[in-house]
Amino acid sequence: LELLTMDWLRQMLGLPENFFGVIADTASSNTLYALAAAREIHPEFRLREEGMSGRADLPRMVIYCSEEAHSSVDKAVMTLGFGLEALRKIPTDTALRMDPQALATEIEHDRRLGRVPFAVVATVGTTSTTAIDPVGAIAEICDRQKMWLHVDASYGGTAAIVPEMRHVLDGCDRADSLVVNPHKWLFTPMDCSALYTRRPELLKRAFQHIPEFLVVSEGEGVTNLMDYGIALGRRFRALKLWFVIRSFGVEGLQSLIREHIRIARQLGEWIDGDSEFERMADVNFSTVVFRHCPPGMRGSELDDHNARLLQDVLERREVYLSHTRVRGSYALRIAIGNIHTTEAHVRRALELIKEAARSGG
Ligand SMILES: Cc1ncc(COP(=O)(O)O)c(C=O)c1O
C-alpha cells in the first residue's frame with residue numbers, strides 16, 4: 001500500500017515515473033536520508049565501511065543550501081558527521097531565493113581548495129517566507145558539477161497537485177531526491193513525510209544491511225522498505241494518506257488547495273490595500289508574511305510593536321498566528337492549511353490585529 005500511495009502522490013505532483021517514493025516520519029528524517037544517499041555518489045571514499053572520523057585520506061565534503069533553508073539541513077549535516085563547517089549558506093536575492101551564481105562561485109572556490117562539493121539542498125517554499133529557489137538553474141549546476149540535488153518541498157510541493165500551480169516544481173524532475181510532507185498541507189495527521197528519489201539504488205547503498213534473521217525467502221525480488229532508511233519496524237503511515245486521497249479524491253484535494261491559495265492571495269490584497277499594513281514577502285502559496293506599521297514607527301520600535309501585537313492576538317485565543325524575521329525585521333505570518341479555514345476567519349484575524357493595535361498592542 002505504501003508503494004501504491006506513493007505512486008498516486010507522485011502522479012498528483014506531476015513527478016516523473018522513475019521517482020521511487022518511500023514514507024518516513026518527518027522531512028527532517030528524509031533530508032538526512034537524502035544526504036546519506038548523496039554521499040554514496042562517491043563509493044571510492046568507502047564511507048559505509050570506514051566511516052568519516054580519523055581519516056587523513058578523506059577530503060572535506062561540502063553541502064550547499066540557501067541562507068533561508070530549514071534548520072533540518074543543519075541537523076542532518078551535524079548528525080551525518082560532515083560538521084556544520086561543511087555547510088555553505090548561499091546568499092539569496094531580493095525575493096529570498098538562492099542565488100545560483102553565488103552557488104556556482106562558492107562551489108568553484110571549494111574545489112580550488114581541494115574540497116569535494118557533493119550536494120545541494122534547494123527549497124520550494126521556505127519556512128520563513130515561502131520563497132522558491134530556482135531549481136532549474138541549480139539543477140544545471142549540479143549536473144555540471146556531478147553533485148546530488150535534494151529539493152525540500154515539504155510545504156510548498158503540495159501546491160503542485162493543482163494543475164495551474166504545477167510550475168512550482170519546475171526543474172524538480174532533474175532532482176535526485178525531493179521531500180514533500182502530506183502532514184503539512186495535505187490534510188494527513190502527523191506524521192507522514194514522502195521522500196522521492198530517482199536513484200533508489202544509492203539510498204539502498206546508504207541503508208541496506210541484512211543480518212541473517214532478516215533474510216527473506218523472496219530475496220532481492222521484493223522491495224523491502226527497511227532498506228531505504230534507518231527504521232526496521234515501520235508504522236503504517238501509508239494507510240492514513242490512502243484514506244485522505246480516497247475520501248477527498250484528487251479533485252477534492254485540488255479544490256481545497258486552490259481555495260487556500262485564493263484566500264491567501266485575497267489576504268495579500270487586503271494587506272496591500274491597507275496603509276496600516278505592509279506585506280513582507282510574495283504570496284507564493286498559502287502563507288502571508290506582513291507587519292503592522294503605525295505611521296512614523298521604524299526599526300526596533302516597529303519590531304517590538306509587532307511582537308506585542310502577536311502576543312496580544314494569541315492571548316485572545318481566537319486565531320493562531322506565528323512570526324518570523326525577514327532580513328532582520330520582525331514579521332507576522334498567517335498560514336492557511338486547515339480544511340475548515342475560510343475567508344471569514346482570515347478577515348477576522350486581520351481585524352483582531354487592528355483591534356490589538358488600537359488597544360495599545
Ligand atoms: C521547508 C521545511 N523543511 C523542513 C521542515 C521540517 O519538517 P518536519 O517537521 O517534517 O521535519 C519544515 C517545517 O516547518 C519546513 O518548513
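A residue is called buried when its relative accessible area is under 20%, exposed when it is over 50%, and partly exposed in between (1.4 Å probe, protein chains only). Asp176 is buried because its relative accessibility is 4%. Its partner in a salt bridge is Arg199, with the closest N and O atoms 3.4 Å apart; a salt bridge is a side-chain nitrogen of Lys or Arg within 4 Å of a carboxyl oxygen of Asp or Glu. This pair links distant parts of the chain, 23 residues apart. Arg199 has a relative accessible area of 26%, so Arg199 is partly exposed.

## Basis of the model

This is a predicted model, in which local features need pLDDT of at least 70 and side-chain atom pairs count only at pLDDT 80 or more, while totals for chains, interfaces and linings use all residues. Residues are numbered from 1 along each chain as its sequence is written, and side-chain values use heavy atoms, leaving out hydrogens and water.

## Other salt bridges

The whole structure holds 29 salt bridges. One of them joins Lys89 and Asp74 at 2.9 Å, N to O. Lys89 lies in strand 3 and Asp74 in helix 4, 15 residues apart; helices (H or I, at least four residues) and strands (E, at least two) are DSSP runs, numbered from the N terminus. Lys89 is partly exposed because its relative accessibility is 40%, whereas Asp74, at 18%, counts as buried.

Asp191 and Arg237 form another salt bridge, their closest N and O atoms being 2.8 Å apart. Arg237 belongs to helix 9 (residues 237–272), and 46 residues separate the two partners. Both Asp191 and Arg237 are buried.
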